[in-house]
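This report goes through one structure by topic. The sequence and the coordinates come first, followed by the notes.

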Amino acid sequence: MHIEPAGRNAPVRYTLRAGDHRLDLNARLGKTLRLTHTGAIACTHCGRATRKSFGQGYCYPCFKRLAQCDTCIVKPETCHFDQGTCREPEWGESHCFQPHVVYLANSSGLKVGITRRTQLPTRWLDQGAIQALPILEVDTRQQSGFVEMLFKEQVADRTNWRAMLKGEVEPVDLCAERDRLLASLDNGLRGLRERFGADSLRVLDVEPVTLDYPVLESPTKVVSHNLDKTPAVGGTLMGLKGQYLMFDTGVINLRKYTGYEVTVE
Ligand SMILES: [Zn+2]
């Protein structure tokens, strides 16, 4: 599923991609949509058929071999590149040793997150954030992990996806939160600058972003569909938010089923 911003005051655009086919999901709002899993799963990296998907879309050998499936991607502060044990040093250099952004977002309340600069705003759209504000830029993924650890002392780093889907999310003054957090974490940030260099952590001065999702009606009770247990799911499409399709019959996180062969009608 491809998610992209659609410019000012327009809701985020969702496109379902299957082979050469493109389905404009925004246009299906209020209409019936049915997804049926054929039983086939293909690894998104090597294309090999796999009975089970590992790490949201990989076959087991790729899951064990690829650097992007290593635990240090989720916990960047545990980067082990300098010990010479990176699974794929070249991939590490081109992905982890690149500028990363530490941001504040509001998906189900205030949260902190990190991402490669080139992954914005995709990362926010994936999380269903309604507001986002980049606050710091650093040189490597590991450094962004250390900064995130510091912020986690004061703010969440996870999205409560049920609250996100229900739309019970109050707006947050992200600029005020940024100023408050930068002031209260000043000691810790100074420590990181001493460790990585005075220019390593750069405070960003940019405007917050507001994101609007195509939702006719948010669910009051969140029931989730599972393609592994029920291969055919669907109903009237009521909304699109984060990686979720919201039907009148329940919600489905399509990210979980990356690599699943699905027929759409
Ligand atoms: Zn594979």
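How many salt bridges does the structure hold? The structure holds 10 salt bridges, a salt bridge being a side-chain nitrogen of Lys or Arg within 4 Å of a carboxyl oxygen of Asp or Glu.

## Basis of the model

This is a predicted model, in which local features need pLDDT of at least 70 and side-chain atom pairs count only at pLDDT 80 or more, while totals for chains, interfaces and linings use all residues. Residues are numbered from 1 along each chain as its sequence is written, and side-chain values use heavy atoms, with hydrogens and water left out.

## Zinc site

Cys43, Cys46, Cys59 and Cys62 coordinate the zinc ion through their SG atoms at 2.3 Å. Donors are N, O and S atoms within 2.8 Å of the metal (3.2 Å for Na, K and Ca); water is not among the atoms, so sites may look incomplete. Along the chain, the donors of the zinc ion have the spacing C-x2-C-x12-C-x2-C. The angles among the four donor atoms are 103 to 113 degrees, and the site is tetrahedral; four donors count as tetrahedral if all angles lie between 85 and 135 degrees.

Helices (H or I, at least four residues) and strands (E, at least two) are DSSP runs, numbered from the N terminus. Cys46 is partly exposed, with a relative accessible area of 37%, whereas Cys62 is buried at 1%. Buried means under 20% relative accessible area, exposed over 50%, and partly exposed in between (1.4 Å probe, protein chains only).

## Three-stranded sheet

An open sheet of three strands has the order β1-β2-β3, with antiparallel pairing. β1 (2–4) and β3 (21–24) are at the edges with a single partner strand each, so one side of each has no neighbour in the sheet. On average, neighbouring strands of this sheet are turned by 25 degrees against each other, direction ignored. Axes are lines fitted to C-alpha atoms, for helices over the stretch in contact, and angles run from 0 to 180 degrees between N-to-C directions.

Four bridges connect strand β2 (residues 13–18) with β3 in the antiparallel sense; two strands pair if DSSP finds at least two bridges between them. Leu16 has Leu23 in β3 as its bridge partner. A salt bridge also joins the side chains of Asp24 and Arg13 (3.1 Å, N to O). Asp24 belongs to strand β3 and Arg13 to strand β2, 11 residues apart. Asp24 is partly exposed at a relative accessible area of 33%, and Arg13 is partly exposed at 31%.

## Five-stranded sheet

A second topic is the open sheet of five strands, with the order β12-β11-β10-β4-β13 and antiparallel pairing. β12 and β13 are its edge strands, each pairing on one side only. Neighbouring strands here are turned by 45 degrees against each other on average, direction ignored.

Strand β10 (residues 232–241) pairs with β11 over four bridges in the antiparallel sense, and Leu240 stands opposite Leu245 in β11. Strand β11 (residues 244–247) is in turn joined to β12 by four bridges, again antiparallel. These two strands, β11 and β12, form a hairpin with two residues between them, and Phe247 stands opposite Gly250 in β12. In a regular strand the side chains alternate between the two faces of the sheet. Strand β12 (residues 250–253) is covered on both faces: Gly250 and Ile252 on one side, and Val251 and Asn253 on the other, are all buried.

## Other salt bridges

Asp70 and Arg87 form a salt bridge, with the closest N and O atoms 3.6 Å apart. Asp70 lies in the loop between α1 and α2 (71–74) and Arg87 in the loop between α2 and α3 (89–95), 17 residues apart. Asp70 is buried, with a relative accessible area of 13%, while Arg87 is partly exposed at 30%.

Arg255 and Asp126 form a salt bridge with the closest N and O atoms 3.8 Å apart. Arg255 is in the loop between β12 and β13 (260–264), Asp126 is in helix α4 (residues 122–127), and the two are 129 residues apart. Arg255 counts as partly exposed, at 34% relative accessibility.

Terms used
Four donors count as tetrahedral if all angles lie between 85 and 135 degrees; four count as square planar and six as octahedral if opposite donors are over 155 degrees apart and all others between 65 and 115; anything else is irregular.
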